[in-house]
Amino acid sequence: MIDQFVQSFIEGDRWKLYLKGLGVSVVVTLGALVIGIGLGVLVAIIRTRYDQQGENKRSGILAFLNKICQIYITVIRGTPMMVQLLIMGLVIFAASRNLIGIAILTFGINSGAYTAETIRSGIMSIDPGQMEAGRSLGMSYATVMKDIIIPQAIKNILPALGNELITLFKDTSLVTVIGLTDLTKVAMQIQARTYQAFMPFIGIALMYLVIVLILTKLLALLERRLRRNEGSSKRHRDMH
């Protein structure tokens, strides 16, 4: 067991390869999360706007955009992540060698389809009276959404967004199919050199587990802090 550990992690400074692979996984996760939230907010606003308007008030452009969003969500959520990676890496961007960029874009597009429905549910949970109050004060629809509705919705859906972050991080192990050297790919390469499978794969499993536990703890702390701040603000308003 000790010999396997030395071969898999110590010899040839192989631990540096794991760190480099972990760095790739983190970069892909964070980049995809940014794209996913951005896409999710955009799609959620379009779909919410469409649902909130009466049938007689819906413009042709809004109806078209809503249909595009529906198709996007259906296609992305209805096809496997690995297949999407293969299509992006080996078909659409077959000539590109920017594998990290391809992975970030693919995961971001995939995440956006799931995040959109999460954010949409968060927006719909906000009292419609807040939108009406903002519009009555002369604020535009976009301003009310940006300054009033979205911040409250984000607080409501923070646990779901945290789960999306964790899912993204674990799913980065799939980027090996397009040749990107992430944490999983490093373990596969070391296993091919040492002919020892146990230690490399158990090792990266523990790395994934530890990072997921850390993320879960940090998200729980953030959620608690936001709840505490919200409670303090509410008591302050009640006093006045």
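The legends below describe a predicted model, in which local features need pLDDT of at least 70, side-chain atom pairs count only at pLDDT 80 or more, and totals for chains, interfaces and linings use all residues. Residues are numbered from 1 along each chain as its sequence is written, and side-chain values use heavy atoms, with hydrogens and water left out.

**View 1. A salt-bridge network joins Arg-47, Asp-51, Glu-117 and Arg-120.**
Side chains of opposite charge can pair when their charged atoms come close. Here a salt bridge is a side-chain nitrogen of Lys or Arg within 4 Å of a carboxyl oxygen of Asp or Glu. Glu-117 meets Arg-47 in such a bridge, at 2.9 Å from N to O. The two partners come from distant parts of the chain: Glu-117 sits in helix 5 and Arg-47 in helix 2, 70 residues apart. Helices (H or I, at least four residues) are DSSP runs, numbered from the N terminus. Glu-117 is partly exposed, at 23% relative accessibility. Arg-47 is buried, at 12%.
Arg-120 forms a salt bridge with Asp-51, and their closest N and O atoms are 2.5 Å apart. Arg-120 counts as buried at 19% relative accessibility.

**View 2. Lys-146 and Asp-147 form a salt bridge.**
The closest N and O atoms of this pair are 2.9 Å apart. Lys-146 is exposed, at 56% relative accessibility. Asp-147 is partly exposed, with a relative accessible area of 43%. A search of the whole structure finds five salt bridges.

**View 3. Helix 2 packs against helix 5.**
Two packed helices are described by the angle between their axes and the distance between the axes. Axes are lines fitted to C-alpha atoms, for helices over the stretch in contact, and angles run from 0 to 180 degrees between N-to-C directions. Helix 2 covers residues 14–52, and its axis lies 5 Å from that of helix 5, at an angle of about 40°. That makes helix 2 oblique to helix 5. Angles under 35 degrees count as roughly parallel, over 145 as roughly antiparallel, 65 to 115 as roughly perpendicular, and the rest as oblique. The crossing of helix 2 and helix 5 is right-handed. A crossing is right-handed if the near helix is turned clockwise from the far one by less than a right angle, and left-handed if anticlockwise.

**View 4. Helix 7 packs with helix 5 and crosses helix 2.**
Helix 7 spans residues 141–171. Helix 5 and helix 7 pack at about 140°, with axes 8 Å apart. Helix 5 is thus oblique to helix 7. Helix 5 passes helix 7 in a right-handed crossing. The axes of helix 2 and helix 7 come within 10 Å and cross at roughly 140°. These two helices are therefore oblique to each other. Helix 2 passes helix 7 in a right-handed crossing.

**View 5. Ile-148 lies in helix 7.**
Ile-148 is partly exposed, with a relative accessible area of 23%. How far apart in space are Ile-148 and Leu-19? They stand 41 Å apart, C-alpha to C-alpha, and 129 residues apart in sequence.

**View 6. A nonpolar patch lies on the surface.**
Patches are made of residues with over 30% relative accessible area and no salt bridge; like charges are joined within 9 Å, nonpolar side chains (Val, Leu, Ile, Met, Phe, Trp, Tyr) within 5 Å. Helix 4, residues 81–92, gives the largest share, seven residues. Phe-93 is partly exposed, at 31% relative accessibility.

**View 7. Tyr-195 has a positive phi.**
Most residues other than glycine have a negative phi. Tyr-195 is not a glycine, yet its phi is about 60°. Tyr-195 lies in the loop between helix 8 (183–194) and helix 9 (198–239). Tyr-195 is exposed, with a relative accessible area of 70%.

Technical notes: Accessible areas come from the Shrake-Rupley method with a 1.4 Å probe; for residues, only the protein chains shown count as cover. Buried means under 20% relative accessible area, exposed over 50%, partly exposed in between (1.4 Å probe, protein chains only).
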